[in-house]
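Open the model in a viewer and follow the stops below in order. Each stop says what to select and what is found there.

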Amino acid sequence: MNRYNIKDTYKEIFKSHDNPSLKKHIEKFIELDTYLPYSSTFFCVTNTQDLTFEYISKNMTACLGLDKAELKARGMRNFWSRMHPDDLEQWLQALNELMNFTLTEISLENRERMSYTWNYRLKNAKEEYVNLIQTTTPLEFDSDNKPIIGLAHYTVLPGEMEMQVCASAKLLNCKDEYETVYFSNFSHKLLKGGISNRERDIIRLLVLNKTSKEIGISLNISSNTVDTHRRNILKKLNISSTGELIGMLKMNKSLL
């Protein structure tokens with residue numbers, strides 16, 4: 001995915017039309033930032049409607065070497081341009097699945113008790129990739145209770161560490177303990193690299209127990225073409241049978 005064409009996808013995930021109130025949050029964080037020691041972490045207040053950083057803590061420059069004023073002025077798209085190109089698609093998929101999980105599985109009263117974590121690689125001022133672990137806690141919601149303003153806490157780790165792109169969601173339960181309610185490893189998606197869109201369609205129909213003839217009718221192709229696709233899928237995924245593929249996907253739907 002072209003890193004410069006991700007704005008529309010990102011805005012669709014976080015689509016909202018409300019006007020959030022930010023002043024009270026910014027005032028609190030400015031006061032807090034004064035007392036925080038320099039470390040390998042920093043935080044930002046993110047606005048997913050305007051694609052802006054409403055506030056960036058002092059540690060950002062110490063961690064990444066980037067100019068704080070420039071990053072704030074140029075917003076999220078400038079930040080995205082520094083992300084490792086191999087991580088972009090998985091990162092967007094992680095955000096989309098986390099949002100869908102929140103809107104379908106988390107009750108309205110619990111959404112303000114959620115915390116979300118994901119990771120990716122980012123190029124620092126030395127043009128070297130480092131690992132960023134981002135944990136975002138919602139601060140403001142729109143009228144549909146969709147999170148739009150967040151407190152994003154970043155931990156910077158050396159780029160030499162090989163990290164798989166993962167995403168998780170945690171709920172602050174009644175015991176004031178964070179409980180993991182969602183986790184997915186996006187580096188282990190069976191259907192990520194090398195699988196065409198047509199092959200993805202066929203796999204999803206196979207999971208629904210459709211025959212080659214039924215799949216052909218649904219996709220307007222011949223059953224022989226479907227069988228060819230099935231053989232190619234097994235070869236690409238190094239799987240011996242369609243039954244093995246379907247079994248794995250049904251046991252772990254996150255692989256889809």
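Begin with Thr-41, which sits in strand E1, residues 41-47. This is a predicted model. Show the side chains of Thr-41 and Ser-39: the two make a polar contact at 3.0 Å. Then display what lies around Thr-41 beyond four places in sequence: Asn-59, Cys-63, His-153, Tyr-154 and Thr-155 are touched by it.

**The main core**

Next, select Tyr-10, Phe-42, Leu-64, Trp-91, Tyr-120, Leu-132 and Tyr-154. These touch the most other members of the largest nonpolar core, which has 43 residues. Which helix gives this core its largest share? Colour helix H5, residues 85-105: it supplies eight residues, the largest share.

Setting aside residues within four places in sequence, Leu-64 is in contact with Phe-42, Leu-122, Asn-124, Ala-125, Val-130, Leu-132 and Val-156. A separate core of 14 residues lies apart from the largest one; Ile-195, Leu-205, Leu-237 and Ile-246 are among its members.

Move to Leu-51, in the loop between E1 and strand E2 (52-56). Leu-51 is not a glycine, yet its phi is positive, near 60 degrees. Is Leu-51 buried or exposed? Its relative accessible area is 5%, and the cut-off for buried is under 20%, so Leu-51 is buried.

Select His-84 in the loop between helix H4 (68-80) and H5. His-84 has a relative accessible area of 14% and is buried. Its side chain reaches the backbone nitrogen of Asp-86 at 3.1 Å. Beyond four places in sequence, His-84 touches Arg-121 and Tyr-129. For a distance check, draw a line from the C-alpha of His-84 to that of Tyr-55: the two residues are 29 apart in sequence and 24 Å apart in space.

**H6 against H8**

Now show helix H6 (residues 197-207) and helix H8 (residues 223-237). They pack at an angle of about 95 degrees, and their axes are 10 Å apart. H6 and H8 are therefore roughly perpendicular to each other. To see the contact, select Arg-198, Glu-199, Ile-202, Ile-203 and Leu-206 on H6, and Val-226, His-229, Arg-230, Asn-232, Ile-233 and Lys-236 on H8. Coloured by class, the residues of this contact come out as five nonpolar, two polar and four charged.

Keep H6 in view and colour its buried residues. They are Glu-199, Arg-200, Ile-202, Ile-203, Leu-205, Leu-206 and Val-207. Glu-199, Ile-202, Ile-203 and Leu-206 are listed here as buried and also belong to the H6 side of the contact with H8.

**Between H6 and H7**

Step past the end of H6 to Asn-209, in the loop between H6 and H7. Although it is not a glycine, Asn-209 has a positive phi of about 65 degrees. Is Asn-209 buried or exposed? Its relative accessible area is 56%, and exposed means over 50%, so Asn-209 is exposed.

**H7 against H8**

Continue to helix H7, residues 212-219, and bring H8 back into view. H7 and H8 pack at an angle of about 105 degrees, with axes 8 Å apart. They are therefore roughly perpendicular to each other. Which residues make this contact? On H7, select Ser-212, Lys-213, Ile-215 and Gly-216; on H8, select Ser-223, Val-226, Asp-227 and Arg-230. By class, the residues of the contact of H7 with H8 are two nonpolar, three polar and three charged.

**The whole chain**

Finally, zoom out. The protein has nine helices and seven strands. Along its principal axes, the C-alpha trace spans about 65 × 45 × 35 Å. Of its 256 residues, 45% count as buried. Among contacts with a separation of 6 or more, residues 24 or more positions apart account for 58%.

Notes
Residues numbered from 1 in each chain as written. Predicted model: local features only at pLDDT ≥ 70, side-chain atom pairs only at ≥ 80, totals over all residues. Heavy atoms only, no water. Helix = DSSP H or I, 4+ residues; strand = E, 2+ residues; numbered from the N terminus. Polar contact = N/O pair within 3.5 Å; in protein donor to acceptor, adjacent residues only side chain to side chain. Contact = heavy atoms within 4.5 Å. Axes fitted to C-alpha atoms, helices over the stretch in contact; angles between N-to-C directions. Parallel < 35°, antiparallel > 145°, perpendicular 65-115°, else oblique. Nonpolar A, V, L, I, M, F, W, Y, C, P; charged D, E, K, R; others polar. Core = buried A, V, L, I, M, F, W, Y, C linked by side-chain atoms within 4.5 Å. Buried < 20%, exposed > 50% of the residue type's maximum accessible area, 1.4 Å probe, protein only.
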